[in-house]
Amino acid sequence: MDTLILRAAAKINWALDVKGLRADKYHALDMIMDSVSLYDEVTLALTNGPIEVGDIAGVGAGAQNLAWRAAALLKRLYGVTRGVRIGLKKAIPMGAGLGGGSADAAAVLAGLNRLWQLDLDQAQLAEVACQLGADVPFCLRGGRMRAQGIGERLTRVEGGAVYQLIIAKALPSLATPDVFRAYDAIGKVPPVDVDRIERALVSGDAAAVAAALAHANALQMPACALEASIPEVMAMLDGSGARAVWMTGSGSAVLGLYADAACQQAAMERLRRQVCALFAVHTVPRAIEIA
C-alpha cells in the first residue's frame, strides 16, 4: 500500500470547565467531547523524499502545519527513512473550536502507522499525539469522551444516543490563547456541572441534555466578550428551534441541539440566508475512517 485516504472528524465540546492553572502554565480542563459528521479528507502518499504538505489557503505548508509536524515527529521518533506527501481537503472551519488541525494530525499519525508499518498500539500513538496538542489524543479515538488534564486523560462515556446538531461558524475566528487570556482577566466564571451533562448524555433524554447545557462552556463568556458575533449567532440558532445553544471549545463556532433530524433540517432551511457557515451534523462513534 503506497497511498491511503482518510476522513478526519470534527470534534465538539458538550461541556468545558476550567479547573485552574497548572504549574506548566496550561489550564487544567474537564470536558466532554464528541465526534461529529463533518470531515476533512487527508491523503497520504508514500515517497522517497521529504515530508510535504499541500499549501492550502489559510493553512500553510511546512512546520507551521500540524499535519506536517505529526509526520515529522513520527519519522524522527521511529527512524523512518521514507517520506510522505500529505494532501488536505478542508471542510472543518479553522479557528472555530472544532479541532480541524488536531483531526488532521491524528489522521496522519494513524495513517502513517499503517503506511510506514510501525505497528504502534493505541497507547504508543497517544503518547506521540500528546506532544502535538491537547486535542490530538481525542481525535485519534473519537466518540463520546470525558477529557481531563489538558485533554490527554480520556474516559469513554458509555451509552447515550445519536444527537442532531447544527454548527454555525461566526465569520471571525478566535485564537485559543487569546480566549484563555480573556478568561484569566475576567477572574471568576461560574463552574460548569460536567457531571450533570454527562449523566444527561448517558440517559439519552434530549430534554435533560438541553436543560443541562444551560451553562456548558466556561470559555463562552470571555469568547463573547472578544467577538460580538458569537452571541448574535447564538440568538439566531435559538430562534431556529434549537433546544439548547452553546459554544464549542474556545470558539468561535456555536452549536444548536435539535429534537430530531426533521427539526434539524427545518432549522437549516430557515437559517440558509444567514451570513455564516452552517453544517447539519450528527454525533459519530469514530474520529478517523478509511475513505
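How many disulfides does the count come to?

Author: The model is a predicted one, and in it the count comes to zero disulfides. Cys 139 is in no disulfide, for the nearest cysteine sulfur, that of Cys 130, lies 12 Å away, whereas a disulfide requires two cysteine sulfur atoms within 2.5 Å. Cys 139 is also buried, because its relative accessibility is 2% and the cut-off for a buried residue is under 20%. Cys 276 likewise takes part in no disulfide; its nearest cysteine sulfur belongs to Cys 224 and is 14 Å away. With a relative accessible area of 13%, Cys 276 counts as buried.

The backbone may be considered next. Most residues other than glycine have a negative phi, and most peptide bonds are trans. Against that background, Lys 25 has a positive phi, near 75°, and is not a glycine. Lys 25 is placed in the loop between strand 1 (3-21) and strand 2 (27-47). Its relative accessible area is 64%, so Lys 25 is exposed. Gln 117, again not a glycine, has a positive phi of about 55°. The loop that holds Gln 117 runs between helix 2 (100-115) and helix 3 (122-130). Gln 117 is exposed, because its relative accessible area is 64%.

A cis peptide bond is found between Gly 251 and Ser 252, with omega at about 15°. Ser 252 belongs to the loop between strand 8 (244-247) and strand 9 (253-258).

Note on methods: Residues numbered from 1 in each chain as written. Predicted model: local features only at pLDDT ≥ 70, side-chain atom pairs only at ≥ 80, totals over all residues. Heavy atoms only, no water. Helix = DSSP H or I, 4+ residues; strand = E, 2+ residues; numbered from the N terminus. Buried < 20%, exposed > 50% of the residue type's maximum accessible area, 1.4 Å probe, protein only.
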